[in-house]
Amino acid sequence: MIVQPMTCPVFVGRTKETEALLDARRALGRSRSAVVLVSGEAGIGKSRLLEHFLGHVTRDSRPRNLATAECIEHARRPFGPFRELVNALGGKFSSLAENAYDKTEVFARTLAFFRATAEKRATILTIEDLHWADRSSLELLTYLAPRIGGARLLMVATYRSDGIE
């Protein structure tokens with residue numbers, strides 16, 4: 001028996017979730033930031049929803065920064081997804097961490113970098129599979145979330161609700 005994967009070319013059943021993401025994107029124009037966490041069981045369509053949302057973003061004619069990162073199972077590198085995001089936006093995460101007195105200083109420098117980037121152009125950051133993130137990345141996300149207010153910055157992360165440690 002030959003098994004071939006089938007994919008549906010039409011995105012079905014996520015209108016409410018897509019609209020919530022698009023509303024958060026539209027709010028960037030009014031300098032309203034947001035952190036959106038997309039959760040669900042494995043295979044429920046979190047990545048597909050994010051892909052669908054990013055399709056809307058890339059078809060939109062408004063210029064914006066877009067950076068994506070993912071957490072990889074068994075490859076937990078300190079600040080892994082944030083290294084990817086900063087580097088994708090033209091920065092160097094290593095320079096943010098260089099000569100930092102402690103983690104809080106790294107957090108503050110990362111926040112300053114994202115704020116400066118979003119000041120020039122609305123910025124959307126996505127992180128896939130947050131359930132596999134290292135502790136430092138989760139701490140940094142927890143630090144950033146309440147401090148990005150007023151920036152044209154949208155952070156969207158997916159995670160398995162059944163995979164939280």
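This briefing covers the salt bridges and nonpolar cores of the structure above. The model is predicted. Five salt bridges are counted in total, and E19, D23 and R26 are linked in a network of such bridges. The largest nonpolar core has 31 residues, and a second, separate core has 14.

- Side chains of opposite charge can pair when their charged atoms come close.
- R26 and E19 form a salt bridge through their side chains, with an N to O distance of 3.2 Å.
- R26 also pairs with D23, where the closest N and O atoms are 2.5 Å apart.
- D23 and R26 are three residues apart in helix α1 (residues 15–27), so about one helical turn separates them.
- R26 is partly exposed, at a relative accessible area of 32%.
- E19 is partly exposed as well, at 36% relative accessible area, and D23 falls in this class with 41%.
- Buried residues have under 20% relative accessible area and exposed ones over 50%, so values in between are classed as partly exposed.

- R109 and E105 meet in a salt bridge between their side chains, with 2.6 Å from N to O.
- Both R109 and E105 belong to helix α5 (residues 103–120), where they are four residues apart, about one turn of the helix.
- R109 counts as partly exposed at 26% relative accessibility.
- E105 is partly exposed too, with a relative accessible area of 25%.

**Largest nonpolar core**

- In soluble globular proteins, nonpolar side chains tend to be buried together.
- F82, F114 and L144 have the most contacts inside the largest nonpolar core, a set of 31 residues.
- Helices and strands that each supply at least two residues of this core are β2 (65–70), α3 (80–88), α4 (93–97), α5, β3 (123–128), α6 (135–144) and β4 (153–160).
- Helix α5 gives the largest share of this core, six residues.
- L144 touches F82, F107, L111, F114 and M155, leaving aside residues up to four places away in sequence.

Key. Residues are numbered from 1 along each chain as its sequence is written. This is a predicted model: local features need pLDDT of at least 70, side-chain atom pairs count only at pLDDT 80 or more; totals for chains, interfaces and linings use all residues. Side-chain values use heavy atoms; hydrogens and water are left out. A salt bridge is a side-chain nitrogen of Lys or Arg within 4 Å of a carboxyl oxygen of Asp or Glu. Buried means under 20% relative accessible area, exposed over 50%, partly exposed in between (1.4 Å probe, protein chains only). A nonpolar core is a set of buried Ala, Val, Leu, Ile, Met, Phe, Trp, Tyr and Cys residues joined through side-chain atoms within 4.5 Å. Contact means heavy atoms within 4.5 Å.
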